[in-house]
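Subject: Structure for your review

Dear colleague,

My notes on it come after the sequence and coordinates.

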Amino acid sequence: MGNYLIIRIIASVFSIFAIFKVLKKYRDKNISFKELFFWVIIWLAVGLVFWLPRFTTFLANFLGIGRGADLVIYTSIILIFYLIFRIFIILDKQQQEITKIVRHLAITEEERKKEN
Amino acid sequence: MNIYIVIPAYNEDQTLTQVLSELKKDYSNIIVVDDGSTDNTFQQALLAKVVVLSHLINRGQGAALATGINYALEQGADIIVTFDADGQHQVAEIAKIIQPLIEQQVDVVLGSRFLGQQSKIPLFRKIILKMAIIFTWLISGIKLTDAHNGFRAFNRLAAEKIKISQDRMAHSSEIIEEIKRNKLNYKEVPVTISYTKYSLSKGQTFWDSFKIAKDIFFKKIIK
């Protein structure tokens with residue numbers, strides 16, 4: 001039980017730290033309210049799972065999954081996949097934006113040369 | 001009619017001067033898009049006294065083509081021909097490829113190395129190209145005899161409508177999809193490809209075909 005307490009404290013400190021980070025980002029208008037909401041829920045859930053492991057078992061049984069720990073791992077993997085997908089989309093968009101800038105530079109440079 | 005030749009070039013200083021000097025005999029509006037080359041491609045294109053658009057960093061052949069086409073449209077092009085810098089296309093065949101556009105039969109003309117008199121194509125390359133044809137057919141519903149040929153001609157309408165968002169090699173299949181989406185009329189015209197050791201070394205490998213498929217599927221998922 002003693003070891004479990006240490007894990008709980010570490011997880012809680014980490015969650016609280018992450019929530020503060022997210023709040024600061026929201027205050028600096030780096031993320032939207034939707035994103036703030038999403039991340040606060042995620043980190044609160046992480047804290048909750050460590051303090052009330054039985055809750056996950058309850059949820060798992062409700063969903064027909066044997067153990068609470070399994071449910072946590074399943075949801076984590078789904079979440080990670082989703083986030084990776086989001087990152088891919090953002091990267092692709094940025095690649096297209098870079099191309100747009102490079103194209104604009106190439107064309108304006110040529111037009112500038114022509115004028116001189 | 002304003003005919004513009006667009007040539008995407010990435011590290012092609014071994015062949016570019018020769019290709020340009022041949023082109024200049026018959027055509028006056030030539031646009032080279034130097035796609036961030038690290039060799040003397042840019043200097044050679046400048047020396048040839050053609051229009052050179054220079055990508056600051058390498059963005060891929062699809063991106064280079066789109067840059068050249070955009071610029072040609074701004075200059076008032078009626079017909080835009082895309083031509084390879086590695087010397088595998090024949091300047092004499094440009095007349096043949098733009099003929100259907102001049103006669104206003106179609107909006108897009110695609111060069112095909114498998115139509116008519118066949119070019120000598122190395123076997124392994126032939127297999128890759130045939131796979132590409134089937135692949136393009138599956139995703140666009142258009143069955144061509146050659147799906148990855150850089151020798152094409154567009155009229156103004158087609159060039160304005162076709163949007164190339166694939167920066168790398170997948171633009172070939174994308175162009176076909178765009179033809180279908182915009183309901184453009186197209187035609188394939190037989191062209192000769194001269195395979196040299198050099199053009200083969202610059203061409204697509206078997207592995208590249210997987211990258212192209214990946215790029216296409218990815219765009220389909222995120223759209």
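The notes below take the two chains in turn, then the contact between them.

The model is a predicted one: local features require pLDDT of at least 70 and side-chain atom pairs count only at pLDDT 80 or more, while totals for chains, interfaces and linings use all residues. Residues are numbered from 1 along each chain as its sequence is written, and chains are lettered from A and ligands numbered from 1 in the order in which they are written.

**Chain A**

Chain A holds four helices and zero strands, in the order α-α-α-α from the N terminus. Helices (H or I, at least four residues) and strands (E, at least two) are DSSP runs, numbered from the N terminus. The radius of gyration of chain A is 23 Å, whereas a compact globule of 116 residues would have one near 13 Å. That radius is taken over C-alpha atoms, and the globule rule is 2.2 Å times the number of residues to the power 0.38. Along the principal axes, the C-alpha atoms of chain A fill a box of roughly 80 × 30 × 25 Å.

Of the 116 residues in chain A, 9% count as buried. A residue is buried if 20 or more other C-beta atoms lie within 10 Å of its own, exposed if 12 or fewer, and partly exposed in between, with C-beta atoms placed from the backbone. Among contacts in chain A between residues at least 6 apart in sequence, 35% join residues at least 24 apart; two residues are in contact if their C-beta atoms, placed from the backbone, lie within 7 Å.

Helix H3 (residues 53–63) and helix H4 (residues 68–115) of chain A pack at about 80°, and their axes are 7 Å apart. H3(A) is therefore roughly perpendicular to H4(A), a label given to angles of 65 to 115 degrees, where under 35 is roughly parallel, over 145 roughly antiparallel and the rest oblique. Axes are lines fitted to C-alpha atoms, for helices over the stretch in contact, and angles run from 0 to 180 degrees between N-to-C directions. The residues in this contact include Leu59(A) and Leu63(A) of H3(A) and Leu71(A) and Val72(A) of H4(A). By class, the contact has six nonpolar, three polar and one charged residues. Here Ala, Val, Leu, Ile, Met, Phe, Trp, Tyr, Cys and Pro count as nonpolar, Asp, Glu, Lys and Arg as charged, and the others, Gly among them, as polar.

**Chain B**

Chain B has nine helices and seven strands. Of its 223 residues, 46% count as buried. Residues 24 or more positions apart account for 75% of the contacts in chain B with a separation of 6 or more.

The strands of chain B form an open sheet of seven with mixed pairing, in the order S3-S2-S1-S4-S6-S5-S7; two strands pair if DSSP finds at least two bridges between them. S3 and strand S7 (186–190) are the edge strands, each pairing on one side only. On average, neighbouring strands are turned by 20° against each other, direction ignored.

S5(B) is largely enclosed by the rest of the structure, because five of its five residues are buried. Val108(B), Leu110(B) and Ser112(B) point one way from S5(B), and Val109(B) and Gly111(B) the other. S5(B) pairs with S6(B) in the antiparallel sense over three bridges and runs parallel to S7(B), to which five bridges join it. Leu110(B) stands opposite Arg152(B) in S6(B) and has Glu188(B) as its bridge partner in S7(B).

Ser37(B) lies in the loop between strand S2 (29–35) and helix H2 (41–47) of chain B. Ser37(B) counts as buried because it has 21 C-beta neighbours inside 10 Å.

**The contact between the chains**

In the interface, 15 residues of chain B are in contact with 12 residues of chain A. Strand S3 (51–55) and helix H3 (61–74) of chain B each supply at least two residues of the side that touches chain A, and H3(B) gives the largest share, five residues. That side of chain B divides into eight nonpolar, five polar and two charged residues.

With kind regards
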